[in-house]
Amino acid sequence: MNNCTFYRMFDILLSAVGLLLGWPIFLLVYCIGLTDTGKPIFIQKRIGKNGRLFTLIKFRTMPIQTKSIATHLVDASSVSKIGAFLRKTKLDELPQLINVFLGDMSFVGPRPCLDSQQDVIEERVKLGVLEVVPGITGLSQIRHIDMSTPKLLAETDAEMINTLTVRKYFQYIIATVSGAGRGDRLKD
């Protein structure tokens, strides 16, 4: 059995457990989101493995009318108070367990970008980063590298892909859960 099969097995197992045990949190966050934005689920097309689009699922942290652009281009004041809490605690990412379970994403991999982020896509194509399933977290997130630096991001993603072991897979997840991993920074 190769490592890809191991990672997929872990992804299925961990996401299933997360979905089964986490449903009360999902329900609570969903209900709170109804009072915050009126539409707590955020879905957006992202670039997946081999450049194919997939539908990413998250909890909404910004008003519905917020423009669909790269996060580092969005003004920080666009995030609601509840959204800020969800981002800080990473609860906004819980619905991505569905993406992981379905195989659109892995727990560990390069963060999926928008199809409008051509600079990120070009750098990732050069280094073969799009040949793997995107992830919720990875080396770039642990090192606080976001999509505002496409070349560095792609190089770090490629480093992670080329050196990934089962041990590192779990290290990245644990580091993220314990607070090391960050998403894209918002514009100040």
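**Exercise 1: A tilted pair**

Phe 59 has a relative accessibility of 3% and therefore counts as buried (buried is under 20% relative accessible area, exposed over 50%, partly exposed in between, with a 1.4 Å probe and protein chains only). The model is predicted: local features need pLDDT of at least 70 and side-chain atom pairs pLDDT 80 or more, whereas totals for chains, interfaces and linings use all residues. Residues are numbered from 1 along each chain as its sequence is written, and side-chain values use heavy atoms, without hydrogens and water.

Solution. 
Step 1. Rings of Phe, Tyr and Trp (its six-membered ring) pair if their centres lie within 6.5 Å; planes under 30 degrees apart are stacked, over 60 edge-to-face, and the rest tilted. This rule gives 6 aromatic pairs.
Step 2. Phe 26 and Phe 59 have a centre-to-centre distance of 6.1 Å and an angle of 55° between the planes, and their pair is tilted.
Step 3. Phe 26 belongs to helix 1 and Phe 59 to strand 2 (residues 53-59), so the pair ties together parts 33 residues apart in sequence. Helices (H or I, at least four residues) and strands (E, at least two) are DSSP runs numbered from the N terminus.
Step 4. Phe 26, at 14% relative accessibility, counts as buried.

**Exercise 2: The strands**

Task: describe how strand 2 is paired and covered.

Solution. 
Step 1. Strand 1 (residues 41-47) and strand 2 run antiparallel and are joined by 7 bridges (strands pair if DSSP finds at least two bridges between them).
Step 2. Ile 47 has Leu 53 of strand 2 as its bridge partner.
Step 3. The hairpin has 5 residues between the strands, and Asn 50 takes a positive phi near 60°.

**Exercise 3: The faces of helix 7**

Task: which residues of helix 7 are buried, and where do they lie?

Solution. 
Step 1. Tyr 169, Tyr 172, Ile 173, Ala 175 and Thr 176 are the buried residues of helix 7.
Step 2. Viewed down the axis of helix 7, these residues fall within an arc of 165°, so they line one face; the arc is that of the directions from the helix axis to the C-beta atoms.
Step 3. The face turned away from the buried side of helix 7 carries the exposed residues Arg 167, Ile 174 and Val 177.
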